[in-house]
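Colleague: Hi! Could you walk me through the side-chain contacts in this one?
Modeller: Happy to, here it is.

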Amino acid sequence: MLERRKERKLTITSPPEDIRVVEPPIPKHRRASLSVAYHRLLSFSSSPIKVKQKKEYRDEKKRVNDELLSALRDPTVVVMADTLKIRGALKKWNRYYCVLKPGLLILYKHKKADRGDWVGTVLLNHCELIERPSKKDGFCFKLYHPMDMSIWGNRGPLGQSFGSFTLNPLNTSFLICRAPSDQAGRCWMDALELSFKCTGLLKKTMNELDVKNGENSIIDSQRDESRMSRDSDGDEMDRRVTAVSETDAEKHFQEIDDVQDEDHEDGKMSETSDTIREAFTESAWIQSPKEIFGPDGSLTEEVAEENKSLIWTLLKQIRPGMDLSKVVLPTFILEPRSFLEKLADYYYHADLIAEAVAEPDPFERIVKITKFFLSGFYKKPKGLKKPYNPILGETFRCKWEHPDGSTTFYIAEQVSHHPPVSSLFITNRKAGFNISGTILAKSKYYGNSLSAILVGKLKLTLLNLGETYIVNLPYANCKGIMIGTMTMELGGEVNIECEKTGYRTILDFKLKPMIGGAYNQIEGSIKYGSDRLASIEGAWDGVIRIKGPDGKKELWNPTPEVIKTRLPRYEINMDEQSEWESAKLWRHVTEAISNEDQYKATEEKTALENDQRARAKSGVPHETKFFKKQYGDEYQYIHADYRPWDNNNDIQQVENNYVVKTISRHSKTKAGTSDQLASDNTSEASESDEEIVAPKIKKKVVAPVTSKPVQPIVPDERIKEMEHKFDLAIRRMEVANERQAARALNAVQSTLLFFFVVISIMQSMFFYFMLRK
């Protein structure tokens, strides 16, 4: 599709001073001096060449973009086209005419496919395909985004901005389609798989044009190179400079510039040797202090007499149903650590996820995922305590070492204060999983009890399988505040669901009733669709059993032997922490609580909160450090990497200043990993792979005449630009979907009202005639 560009001669203006040229081959003891002379030569003329490079880059990118779009608009470039039934957001089926092109699935309302009949365009490079079981006739399959994000483009094939109006809007993150027969459905599945491969080929065409052409391109390039040598005026220095590829020259210019040009469209500059050495430097970790476990059984505590007056003073300020996030709590009920650190208690048995990754049976996988989820609740604080409310901008990090040599990293940041929102990211690519989540903490007061509610969901992704398990969290209920003994329990319904496999776990955390019953009870089941496959019962801080197809067995039991297998946790030494890390930020409050000096603790806590209020009143918007707001209220870790672990290329995951990177043997561009599974924000994280091979680029400064041919400047940043456009498209589509949903709701309400009026009139007329008779 794309023609290979011919080699262009790179001319550089020579400096006014005479430079002695040494004929190749160059002796080893002269290479260093020649490299210095070459650097000086380029420094004289880097500015005009850099402008030329930028212009050629923009022209080439525009040409590639135009050729690709023209191919997609071409009516003859069609993989398959037919009518399908598609289920909308209102769970009703509509018929659409679907046109499948390489990388795109275009939906029209009618087969004539006019400009005004365009409904939407599905970006297949974001999608995965699975067969969907159905009780109805025909063949059902599903296109979905593995990270539950939008799959829609922002433009139609003819440049349309908004799709045709439909009463039944389509879902943003998935598309459920039904073919009229099993044979037709299989054809669609095969065609979509072919289109997926075409998408990968298009990416490789843009990034590896010479590799695609094979040996013929190398031979042709060498011919072009020899022809350029014959046409030269005999100047050896010009021939050597011409032999340097434009890509290497462009990277060289970026390295020798001290100031980054913001207008340069290549994005980030190449890393220097100092930066590369820093990529291998991991943070200084030390093992965490010995853990303190609370008592077994229910969490109960008697309030001391000197603190009861403080509680009554606090209760006078609040009313039932009030949100306690803005209420300043006394320090004697505080656990001396931050809520960001409290959330890390659930991952001491992260090695259980590695067992789920290695499990081939999807039913057994969700059983092991459920076991991991339940393994995080048995650890309780000493006494009925509440952790610190994190300060806006506060961060926390830690890690766990696995027996298999892998490492699980935990990164958390307080991204909002009102409402209080915490974002976290847990990764262990070698073990095969990532966990991300955005948690909104709420507190509600109900007279004699209060509840701490965690609004939000965690997404556990098994990288090698492309499966994402979505989990919500239970709430904590504290009763007996005014009358009786203060007791804390967990309550609420928890769902663990994998949309790809169709399995889900439902867990019900039960509160102790007024009369009878026991503390900390849990019941649940594992289902596939509406079929119940297994039942779960027990205590979330004790023995939990599962009854499935193989009978009843023990699922989880935190015995002393099991507690000894908890993964060792590591944290950063206090002296090397930044001022915004949890332990260092709250150190004075923690010291005062440890010394039982409640007045000092309250004074230090108030000072932190007043500083936070002053920053909020300054009018300067807060900027997050390591998380970026994506769609809705969710935040994503900016250095997240969702690629499956490559044993032949990846060496180790390391962390430095909250940036988790992967040390690899080869560059990502040379390894050809552009088609691997990744989320929308993996482009920044994958740049770490290129840092290791960057010294190879620095070593090769001057190339002989018989070196690699001049390669065309191919836009490596095209995918990032397309992602930015897709982000804008998603926002527009969300607004359009909201409008369509509102119009659909108004239309349905109007229709129902109309029928109600008509039926009422008919009933009145019927009764009237009956009474007349």
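Colleague: Let's begin with Lys-142: which ring does Lys-142 lie over?
Modeller: Lys-142 lies over the face of Phe-174, at 4.6 Å from the ring centre. The rule here is NZ of Lys or CZ of Arg within 6 Å of the ring centre and within 35 degrees of the ring normal. Also, this is a predicted model, where local features need pLDDT of at least 70, side-chain atom pairs count only at pLDDT 80 or more, and totals for chains, interfaces and linings use all residues. Residues are numbered from 1 along each chain as its sequence is written, and side-chain values use heavy atoms, with hydrogens and water left out.

Colleague: And what ring does the charged end of Lys-399 sit over?
Modeller: That would be the ring of Tyr-570, 5.7 Å from its centre.

Colleague: Switching to aromatics, how many aromatic pairs are there?
Modeller: The structure holds 22. Rings of Phe, Tyr and Trp (its six-membered ring) pair if their centres lie within 6.5 Å; planes under 30 degrees apart are stacked, over 60 edge-to-face, and the rest tilted. One of the pairs is Tyr-347 with Phe-372, which is tilted at 6.3 Å centre to centre and 35° between the planes.

Colleague: Where do Tyr-347 and Phe-372 sit in the chain?
Modeller: Tyr-347 is in the loop between helix H9 (339-342) and helix H10 (351-357), while Phe-372 is in helix H11 (residues 362-374), 25 residues apart. Helices (H or I, at least four residues) and strands (E, at least two) are DSSP runs, numbered from the N terminus.

Colleague: Buried or exposed, those two, Tyr-347 and Phe-372?
Modeller: Both Tyr-347 and Phe-372 are buried. Buried means under 20% relative accessible area, exposed over 50%, partly exposed in between (1.4 Å probe, protein chains only).

Colleague: Now salt bridges: how many?
Modeller: The count comes to 27, taking a side-chain nitrogen of Lys or Arg within 4 Å of a carboxyl oxygen of Asp or Glu. One of them joins Arg-365 and Glu-467, with the closest N and O atoms 2.5 Å apart. Arg-365 lies in helix H11 and Glu-467 in strand E18 (residues 467-472), so the pair ties together parts 102 residues apart in sequence.

Colleague: What does Arg-397 bridge to?
Modeller: Glu-655, at 2.8 Å, N to O. Arg-397 is in strand E12 (residues 395-401) and Glu-655 in strand E29 (residues 650-656), so this bridge ties together parts 258 residues apart in sequence. Glu-655 is buried, with a relative accessible area of 0%.
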